[in-house]
Amino acid sequence: MGSLGLKPINTNGQKNSTVVVIEQEQEQEPASPATRLFHTKNLNCHIIAILGCTTKINPDVIKKGLESTLLNHPRFSSIPVVDEKKGVRKWQKTKVNVDEHIICPDLDPDMDSPDEFLEKYTSNQTTIPLDMTKPLWEVHILNIKTSEANAIGILKLHHSIGDGMSIISLILACTRKASDPEALPTLPTSTKIKEKNDDTETPMKGGVGVEHSPKRLVHTVVSLDDMKIVKNALNLTINDVVMGMAQAGFSRYLNRRYGNKNGKGSSKTNNLPKNIRLRGSIVFNIRPSTGIKALAEMMEKKSKARWGNKIGYVLTRLPISLPDNPLDYIRQAKTIIDRKKLSLESRFSFSAAKLTQDIFGSKVAAKVTRRILSSTTVLISNVVGPQEEITFYGHKLAYVAPTTFGLPYAVTIHFQSYCNKMTISMAVDSQVIPDPYQLCDDLQDSLQMFKEAVTKQDMV
């Protein structure tokens, strides 16, 4: 492009509709190994965060807020380019027209079935690629009243901008306490092996090319207070409860699916085949969080802070069974996860991907990573959110539901805490998971089952 020989990266195999002129004096930054991976065909991954607001959203206020904060972050004011002569990928600073990144469709505020419309709208976003000639993010504003919120904001961005923890931290750095418009939200502080064979072909397992299929985005909200009751009764962590819920929810869901397949149809009988092997890829942030205070200061003062994708994963068993004591799900999950925490698997996965990339290049590293991930059934992440109600540029949030798509899974599940709530958001391939709300119910019912069990245990 121009005298520098730079052109926008074209991940989607489509011709770019416009040409971006790169001036010689514009600032450039080398692309990280993770950025290069996420711009390959095999790992072209995106993040969508749905923000439910308690009031109607004012687009002008959002625009002003973005201009004074998010645009000061270099990843939100840069485009990925490649030097054709050297074959090196870089981030190139560019001028940002905020109006091109804010989408406000003209909608009927009194439409029928707004929840259904929201689901279709967000799911459709998984089929629409971002314009690679502009910074890789969009904000969609839907001023419609759903069953959970009075308006919806949707942040869509490319995963090369940052990992999930970084993105959520950055969003929170743009928010303030609802009770104190000048104060940043408070986050809770934490209190407390490799598999060789592939997973069983269960009704939850995606097939070849599942990462390219459209995804249906759904979510449900459970009580974080109920999760804490279970956590405290068993002396666990919230993450232990999350993994127990996943294990129990998947078992209940698969038992029903197998029962329907066999014509038995009852979820009360054990319809599970013997020796089901189901594993999940559990995402870990392998460096300390930058912190929302540092990110807020970075955007305000245009200073520098640690940023990027530095995540690892572990492949862990999720035993599928129907034990007599429902608390066995959590105890079993805790034992497995504790072993994984003591191992170096998450750090090794990051280092191995980087080494492979350095030696063989991004395409080979992406293929190897994809092959490993596709041998498992589900991706699970758990991100800690603020403890009190917050506002996003003055708009109070009712819930936050982030998810991702573009990875080789028929179902990815993200747990996101906010105040006294835990949002469980999923991106599913409807050809594999035709009833995602049933899976949501099974996860929700599993928590209720745990709560009832610990309550009875305390009464004994």
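Biologist: Why is Phe 76 called buried?
Modeller: Phe 76 has a relative accessibility of 1%, and buried means under 20% relative accessible area, with exposed over 50% and partly exposed in between, using a 1.4 Å probe and protein chains only. Since 1% lies under 20%, Phe 76 counts as buried. This is a predicted model, in which local features need pLDDT of at least 70 and side-chain atom pairs count only at pLDDT 80 or more, whereas totals for chains, interfaces and linings use all residues. Residues are numbered from 1 along each chain as its sequence is written, and side-chain values use heavy atoms, with hydrogens and water left out.

Biologist: How many aromatic pairs does the structure hold? Why is the pair of Phe 76 and Trp 137 called tilted?
Modeller: There are 4 aromatic pairs in the structure. Rings of Phe, Tyr and Trp (its six-membered ring) pair if their centres lie within 6.5 Å, and planes under 30 degrees apart count as stacked, over 60 as edge-to-face and the rest as tilted. For Phe 76 and Trp 137 the centres are 5.9 Å apart and the planes stand at 55°, so the pair is tilted.

Biologist: What makes this pair a tie between parts that are apart in sequence?
Modeller: Phe 76 is in the loop between helix H2 (59-68) and strand E4 (78-83), while Trp 137 belongs to strand E7 (residues 137-142), so the pair ties together parts 61 residues apart in sequence. Helices (H or I, at least four residues) and strands (E, at least two) are DSSP runs, numbered from the N terminus. Trp 137 also counts as buried, with a relative accessibility of 1%.

Biologist: What kind of pair do Phe 117 and Tyr 121 form?
Modeller: Their centres are 5.9 Å apart and their planes at 35°, and this aromatic pair is tilted. Both residues lie in helix H3 (residues 114-125), 4 residues apart, which is about one turn of the helix. Phe 117 is partly exposed, as its relative accessible area is 25%, whereas Tyr 121 counts as buried at 15%.

Biologist: Why is E4 called largely enclosed?
Modeller: Of the 6 residues of E4, 6 are buried, so the rest of the structure largely encloses the strand. Ser 78, Pro 80 and Val 82 point one way from E4, Ile 79, Val 81 and Asp 83 point the other way, and all are buried.

Biologist: How do you know that E4 and strand E5 pair?
Modeller: Two strands pair if DSSP finds at least two bridges between them, and 6 bridges join E4 to strand E5 (residues 88-93), the two running antiparallel. In E5, Trp 91 is the bridge partner of Pro 80. The hairpin of E4 and E5 has 4 residues between the strands, and in it Gly 87 takes a positive phi near 70°.

Biologist: What makes strand E6 and strand E9 the edges of a sheet?
Modeller: An open sheet with mixed pairing is formed by 7 strands in the order E6-E7-E8-E3-E15-E14-E9. Strand E6 (102-103) and strand E9 (175-177) each have a single partner strand, so one side of each is left without a neighbour in the sheet. E7 pairs with strand E8 (residues 151-158) in the antiparallel sense over 6 bridges, and Ile 141 stands opposite Gly 153 in E8.

Biologist: What makes the link between Ser 381 and His 414 a polar contact?
Modeller: A polar contact is a pair of N or O atoms within 3.5 Å; within protein, one must be able to donate a hydrogen and the other to accept it, and residues adjacent in sequence count only if both atoms are side-chain atoms. The side chains of Ser 381 and His 414 make such a contact at 2.5 Å. Ser 381, in strand E13 (residues 378-383), is buried with a relative accessible area of 10%. Leaving aside neighbours within four places in sequence, Ser 381 is in contact (heavy atoms within 4.5 Å) with Val 283, Ile 413, His 414 and Phe 415.

Biologist: How many disulfides does a search of the whole structure find?
Modeller: A disulfide is a pair of cysteine sulfur atoms within 2.5 Å, and the search of the whole structure finds 0. As for individual cysteines, Cys 104 counts as partly exposed at 39% relative accessibility, whereas Cys 174 is buried at 7%.
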